[in-house]
Amino acid sequence: MVRGVWAVLRMVSFEGASVLKSNAPGRGSRALTHWTGAVAGPAVNSCRRAVFSDVRHLQSVVRMPEVTTDHLDEKQVQLLAEMCILIDENDKRIGADTKKNCHLNSNIDKGLLHRAFSVFIFNSEEKLLLQQRSDAKITFPGCFTNTCCSHPLHTDSELDEKDAVGVRKAAQRRLQAELGIPMEQVPPDDMTYLTRIHYKAQSDGVWGEHEIDYILFMQKDVDLSPDPNEIKSHCYVSKEELQEMLEKAKRKELEITPWFSLIAQTFLFKWWDNLQNLKEFMDHDKIHRM
């Protein structure tokens, strides 16, 4: 069909070129007659109609479907207006865009990438706090994941890149918003920034994730009051219990977010075995491509 359009365009271009040549100075009234006849002639008019028809068809084929949020949770839709931090593949800041635009697969497929974080909180018994994302969440609803996963915003305080202070402040904010943890219980200075991972995953045909994810660890007993709009359930798990969950996920008995699954399959248990000696695992130079 595209070749047909180009063929018609070439025909029109050829006709146009012939007309211009015949209408060159010195050709007299015969040239004018030829030009007038060409414009009004049925062949050119037919070509013109064919071009416009095919172009309209092409436009309807390539036009992206409009993304509607009418069926989504109102509170979660409001959060789509937040401004995330756009970065390149080396985590260099290049701009800002809405949470909505950052999570559309149509933009992700074009390379849109933003900054994110994943928090892992362990209690005094060295059990890991997990959450199950609420069914209202736009990406990966109902999936089990690590303690908290979100994004630093394009604000002065959360743009601070020295020692990942901005990311850690964002984590403090979201721990309160999602899990109801008092901010004084999770100060940024108590979070250990380990490393970064770069991953991409589709949630469905419309929404997905494409992030460079800062990994933050903390061991502390905290008070919890989860927001049901954010969290469906939560639990503390031992290493053995998490292994069982991962096996259940393989059997499709429960769902786990892709970033948590990637981290669990690679680094998590090694870090978990060394909660009292995490400094040797800190790597702020490398971005792990997952």
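Ala164 lies in the loop between β6 (148-150) and α7 (165-179), where helices (H or I, at least four residues) and strands (E, at least two) are DSSP runs numbered from the N terminus. The model is a predicted one, in which local features need pLDDT of at least 70 and side-chain atom pairs count only at pLDDT 80 or more, while totals for chains, interfaces and linings use all residues. Residues are numbered from 1 along each chain as its sequence is written, and side-chain values use heavy atoms, with hydrogens and water left out.

Although Ala164 is not a glycine, Ala164 has a positive phi of about 55 degrees. At 4% relative accessibility this residue counts as buried, a term that means under 20% relative accessible area, with exposed being over 50% and partly exposed in between (1.4 Å probe, protein chains only). Lys252, found in the loop between α8 (239-250) and α9 (258-266), is likewise not a glycine and has a positive phi of about 65 degrees, but Lys252 counts as exposed because its relative accessibility is 73%.

Another loop, the one between α7 and β7 (192-202), contains Glu184.

The cysteines come next. The structure holds zero disulfides, a disulfide being a pair of cysteine sulfur atoms within 2.5 Å. Cys148 is in no disulfide, and the nearest cysteine sulfur, that of Cys149, is 6.3 Å away. Cys148 is buried, with a relative accessible area of 0%, and Cys143 is buried too, with a relative accessible area of 5%.

What is the volume of the largest cavity? On a 1 Å grid over the protein atoms alone, a cavity is a set of points where a 1.4 Å probe fits but cannot get out, and its lining residues have an atom within 4 Å of a point; grid points are joined across faces, edges and corners, and a volume is the space filled by probe spheres set on the points. By this rule there is one cavity of 30 Å³ or more, and the largest cavity has a volume of about 250 Å³. Of the 24 residues that line the largest cavity, those closest to its centre are Lys99, Arg133, Lys137, His151 and Glu209. The elements that give two or more residues to this lining are β3 (114-122), β6, α7 and β8 (208-219).

Note on methods. On a 1 Å grid over the protein atoms alone, a cavity is a set of points where a 1.4 Å probe fits but cannot get out, and a pocket is an open set with protein on both sides within 12 Å along at least five of seven lines; lining residues have an atom within 4 Å of a point.
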